[in-house]
Structures are given as structure tokens and as C-alpha cells.
Amino acid sequence: MLWGLPKATILAGMVLAAAATHHTATGTMTAYDPATRVLAIRAATGSTEFHVAADARAWLGSRRLPVSQLGAHVGAQVTVAWSESDGMRITHTVRLA
């Protein structure tokens, strides 16, 4: 069925799939602002800010943590899965160690 599609359609699908690529970042959480939903992480390569999505989930080990409680864990090791949209790094998953 794939072979019946025009090459431009196949190429557009590949470009969209590449744009939705998720990355991970690991470091020390230096700040979380619940009003703006901005999470700051410091890693060996420098500091980075991530916008925490409205539907984001936070995890403390294997236990789910309300996103509103992230600020209480400043200084903890954290891993975020993020993607970029309109020049902003957006995370939907935050894992605290």
C-alpha cells in the first residue's frame, strides 16, 4: 500500500516523524517555577530550561508525583524527555532519582 502513495507524501511523513523526535536530558534540577511551569536543569554541558507541558507527568522513582511538587525537589538528579516546538524545549515526562 505504501508504494501507491506519491513520493512527496512519503517524504512529508518522514519529515514530520523526524520533527517529533524526543530527546532526554539529565542533570541537577536547579529551579522550578509553578507559575510559568519552567524547569531549570544544570548539566555538565550547561544549564537548560524546559517548559513543563500541562499534561506532563512527574515520577519519583516508580511513584507518580504531582507536578506541583517539583519545586520541593530542587537539588535532585532529574531526567526529562523533551521535544522542541517553536524554539521552546517542552517536556512531558520528568523523572527524579
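Colour by secondary structure and start at the N terminus: the elements run α-β-β-β-β-β-β. That makes one helix and six strands, where helices (H or I, at least four residues) and strands (E, at least two) are DSSP runs, numbered from the N terminus. This is a predicted model, in which local features need pLDDT of at least 70 and side-chain atom pairs count only at pLDDT 80 or more, while totals for chains, interfaces and linings use all residues. Residues are numbered from 1 along each chain as its sequence is written, and side-chain values use heavy atoms, with hydrogens and water left out.

**Stop 1: confidence**

The chain's mean is 86, and 79% of its residues reach 70 or more. Now select residues 14-18, where the pLDDT is below 50. Beyond near neighbours in sequence, this stretch has zero contacts in the model; a contact here means heavy atoms within 4.5 Å.

**Stop 2: strand 3 and its partners**

Select residues 46-60, which are strand 3. Two strands count as paired if DSSP finds at least two bridges between them. Which strands pair with strand 3?

- Strand 2 (residues 38-43) runs antiparallel to strand 3, with six bridges. A hairpin with two residues connects them, and you can pick out Leu39 with its bridge partner Phe50.
- Strand 6 (residues 88-96) runs parallel to strand 3, again through six bridges. Show Arg57 here, and you'll find Thr93 of strand 6 opposite.
- Strand 4 (residues 63-65) is antiparallel to strand 3, with three bridges. Leu60 has Arg63 as its bridge partner. In the two-residue hairpin, click on Gly61, which takes a positive phi near 65 degrees.

**Stop 3: the aromatic pair**

Show the side chains of Phe50 and Trp82. Rings of Phe, Tyr and Trp (its six-membered ring) pair if their centres lie within 6.5 Å; planes under 30 degrees apart count as stacked, over 60 as edge-to-face and the rest as tilted. The count by that rule is one aromatic pair. The Phe50 and Trp82 ring centres are 5.9 Å apart with planes at 55 degrees, so the pair is tilted. It links distant parts of the chain, with Phe50 in strand 3 and Trp82 in strand 5, 32 residues apart. Both Phe50 and Trp82 are buried, where buried means under 20% relative accessible area, exposed over 50% and partly exposed in between (1.4 Å probe, protein chains only).

**Stop 4: the core**

Next, select Tyr32, Leu39, Leu70, Val78, Val80, Val94 and Leu96: these have the most contacts inside the largest nonpolar core, which has 20 residues. Strand 1 (23-33), strand 2, strand 3, strand 5 and strand 6 each supply at least two residues of this core, and strand 3 gives the most, with five. A nonpolar core is a set of buried Ala, Val, Leu, Ile, Met, Phe, Trp, Tyr and Cys residues joined through side-chain atoms within 4.5 Å.

Zoom in on Val78, in strand 5. Val78 counts as buried because its relative accessible area is 1%. Not counting residues up to four places away in sequence, its contacts include Ala25, Ile41 and Val94. Then move to Val80, whose contacts outside four places in sequence include Leu39, Ile41, Phe50 and Val94.

**Stop 5**

Leaving aside neighbours within four places, Leu65 contacts Ala58, Trp59, Leu60, Leu70, His73 and Leu96.

Ser83 sits in strand 5 (residues 77-85). With a relative accessible area of 15%, Ser83 is buried. Beyond four places in sequence, Ser83 touches Thr21, His22, Met88, Arg89 and Ile90.

**Last stop: the whole chain**

Zoom out. Of the 97 residues, 27% count as buried. Among contacts with a separation of 6 or more, 51% come from residues 24 or more positions apart.

Note on methods. pLDDT is the predictor's confidence in each residue, from 0 to 100.
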